[in-house]
Every structure is written in structure tokens, then in C-alpha cells.
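Reader: Could you take me through this structure in questions and answers, with the cut-offs stated as we go?

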Amino acid sequence: MVRPPLSSWDRERGRQLGRLLREARGERSMVEVAASCGVSVDTLRKIETGRIPTPALFTVAAVAATLNLSLDTLVLTCEDSLTTPDDHPTSSNLIA
């Protein structure tokens, strides 16, 4: 299976997710958070810097739970901070 290239909107959304997680981590070390949620420090670093713009759902859920963030909060904050292109579906468009 060939994965289609990510759009600039997808990459920016990934950077926004990383910023939110980094802010929520606050003064906690990356090593501490990564160990608590069961991901590698390298993976957490790549998510926080936007180098993994579309991390796996279970990875995001584990990090969010460790940081006491709800997935709803992450989705809404990312959607609110970005202008959604007309041709890109949002979570509200996908619910029928």
C-alpha cells in the first residue's frame, strides 16, 4: 500500500499537536513522560517537533492520558487553531 503524501495542512496540524503536547508536558522531562506512557523518547521528541505529523492513535492516546489531556481537547484545539481547507474533511464532516 502506498501512502499518499501529506498536505501542508496535515503537516501544520502535526506541528500544532506537538506544541500542545509539549506545553502540557510543562516541566516534566521527556524521559519521564515517555516512560510513563510507554513510548520511546525518540518517538515523543518526533511528535513534539512535528517530525511525525500523523502519529498512531494509540500513541497519541497514551501520551494524552499521561499528560491528563482528553483526546477531545486535543482535536478541538487543533481544529480551532487551524483554518480547515474546503476540500479537507474535518471530524464534524465525518459524522453522519
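Author: What follows is a set of questions on one residue, its helix, a helix pair and a loop residue. This is a predicted model, in which local features need pLDDT of at least 70 and side-chain atom pairs count only at pLDDT 80 or more, while totals for chains, interfaces and linings use all residues. Residues are numbered from 1 along each chain as its sequence is written, and side-chain values use heavy atoms, with hydrogens and water left out.

Reader: Is R25 buried or exposed?

Author: R25 is found in helix α1, residues 8-25, where helices are DSSP runs of H or I with at least four residues, numbered from the N terminus. Buried means under 20% relative accessible area and exposed over 50%, with partly exposed in between, using a 1.4 Å probe and protein chains only. Because its relative accessible area is 12%, R25 is buried.

Reader: With which side chain does the side chain of R25 make a polar contact?

Author: Leaving aside neighbours within four places in sequence, R25 is in contact (heavy atoms within 4.5 Å) with M30, V33, E48 and L67. A polar contact is a pair of N or O atoms within 3.5 Å; within protein, one must be able to donate a hydrogen and the other to accept it, and residues adjacent in sequence count only if both atoms are side-chain atoms. At 2.8 Å, the partner of the R25 side chain is the side chain of E48.

Reader: How far apart are the end C-alpha atoms of α1?

Author: The expected span of a helix is 1.5 Å times one less than its number of residues. For the 18 residues of α1 the span should therefore be 26 Å, and this agrees with the distance between its end C-alpha atoms, which is 26 Å.

Reader: At what angle do α2 and α4 pack?

Author: In the contact of these helices, V33, S36 and C37 in α2 meet A62, V63 and T66 in α4. Axes are lines fitted to C-alpha atoms, for helices over the stretch in contact, and angles run from 0 to 180 degrees between N-to-C directions. With their axes 9 Å apart, α2 (residues 30-37) and α4 (residues 57-66) pack at an angle of about 115°.

Reader: What phi does N68 have?

Author: N68 is found in the loop between α4 and α5, and counts as exposed because its relative accessibility is 71%. Most residues other than glycine have a negative phi. Although N68 is not a glycine, its phi is positive, at about 60°.

Key. Helices (H or I, at least four residues) and strands (E, at least two) are DSSP runs, numbered from the N terminus.
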